[in-house]
Amino acid sequence: MNNSSRVVVIPAPLHSAEIPRKMLRRLGGRPLLSRMIQIAADVATQPEDVIVLTDDDEAALLAARLGCKAFVQAGSPGRRGHFRWPHIYNAIRRHEQTRPEPIHTVAILPPHLPLLQAGDF
């Protein structure tokens, strides 16, 4: 897949009813979120084109340390800890304002698929 103007969004809520703070839990010695960011960085145009949408400052700091844009959505992301489309859309629009060219492709990477690989896109 060509990397022309491609952005990847990782909705990463930490306040989940099923597994609290799931995205910061370690899998193979690394936080799950860092694994997802690595996959997303292989798909995005550049590392800055990976957007992490979260409800937690610690997750946002991890994303920023790994070179991503991080947007913290105040309050609960919604029922069962999932971000709704308006949250994702607003993060994409905010990110697009910082880019020199428009976004052509957006991939939303589900945060619970740590075995996914860039070639799967």
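Predicted model: local features only at pLDDT ≥ 70, side-chain atom pairs only at ≥ 80, totals over all residues.
Figure 1. Residues are numbered from 1 along each chain as its sequence is written, and side-chain values use heavy atoms, with hydrogens and water left out. Helices (H or I, at least four residues) and strands (E, at least two) are DSSP runs numbered from the N terminus. In α2, the buried residues are Ala59, Ala60, Leu62 and Ala63. They line one face of the helix, because seen down the axis of α2 they fall within an arc of 160°, the arc being that of the directions from the helix axis to the C-beta atoms. Asp57, Leu61 and Arg65 are exposed on the other side of α2. Buried means under 20% relative accessible area, exposed over 50%, and partly exposed in between (1.4 Å probe, protein chains only). The buried residues of α2 pack against β3 (30-31), α1, β4 and β5 (69-72), where contact means heavy atoms within 4.5 Å.

**Figure 2. Asp56 at the N-terminal end of α2.** Asp56 sits in the loop between β4 and α2. With a relative accessible area of 10%, Asp56 is buried. Asp56 caps the N-terminal end of α2, with a side-chain oxygen 2.8 Å from the backbone nitrogen of Glu58. A polar atom of the Asp56 side chain also lies 3.0 Å from the backbone nitrogen of Ala59. A polar contact is a pair of N or O atoms within 3.5 Å; within protein, one must be able to donate a hydrogen and the other to accept it, and residues adjacent in sequence count only if both atoms are side-chain atoms. Asp56 and Pro13 are 43 residues apart in sequence, and their C-alpha atoms are 7.3 Å apart in space.

**Figure 3. The largest nonpolar core.** This core has 22 residues, of which Ile10, Leu33 and Val52 touch the most other members. Two or more residues each come from β1 (6-12), α1 (32-43), β4 (50-54) and α2 (57-65). With seven residues, α1 gives the most to this core. Another core, of 10 residues, lies apart from it and has among its members Ile51, Leu53, Ala91 and Ile103. A nonpolar core is a set of buried Ala, Val, Leu, Ile, Met, Phe, Trp, Tyr and Cys residues joined through side-chain atoms within 4.5 Å. In soluble globular proteins, nonpolar side chains tend to be buried together.

Figure 4. The 12 residues of α1 reach 17 Å from first C-alpha to last, close to the 16 Å expected at 1.5 Å a residue. The expected span of a helix is 1.5 Å times one less than its number of residues. Leu32, Leu33, Ser34, Met36, Ile37, Ile39, Ala40 and Val43 are buried in α1. The buried residues of α1 pack against β1, β2 (26-27), β3, β4 and α2. Leu109 lies in the segment after β6 and is buried, with a relative accessible area of 0%. From Leu109 to Ile37 the distance is 9.3 Å, C-alpha to C-alpha, and the two are 72 residues apart in sequence.

Figure 5. Trp85 and Tyr89 are separated by about one helical turn, because they are four residues apart in α3 (residues 85-96). Tyr89 counts as partly exposed, at 36% relative accessibility. The buried residues of α3 are His87, Ile88, Ala91, Ile92, His95 and Glu96. They pack against β1, β4, β5 and β6 (105-108).

**Figure 6. The whole protein chain.** Three helices and six strands make up its secondary structure, in the pattern β-β-β-α-β-α-β-α-β along the sequence. Of the 121 residues in the protein chain, 43% are buried. Among contacts in the protein chain with a separation of 6 or more, 64% join residues 24 or more positions apart.
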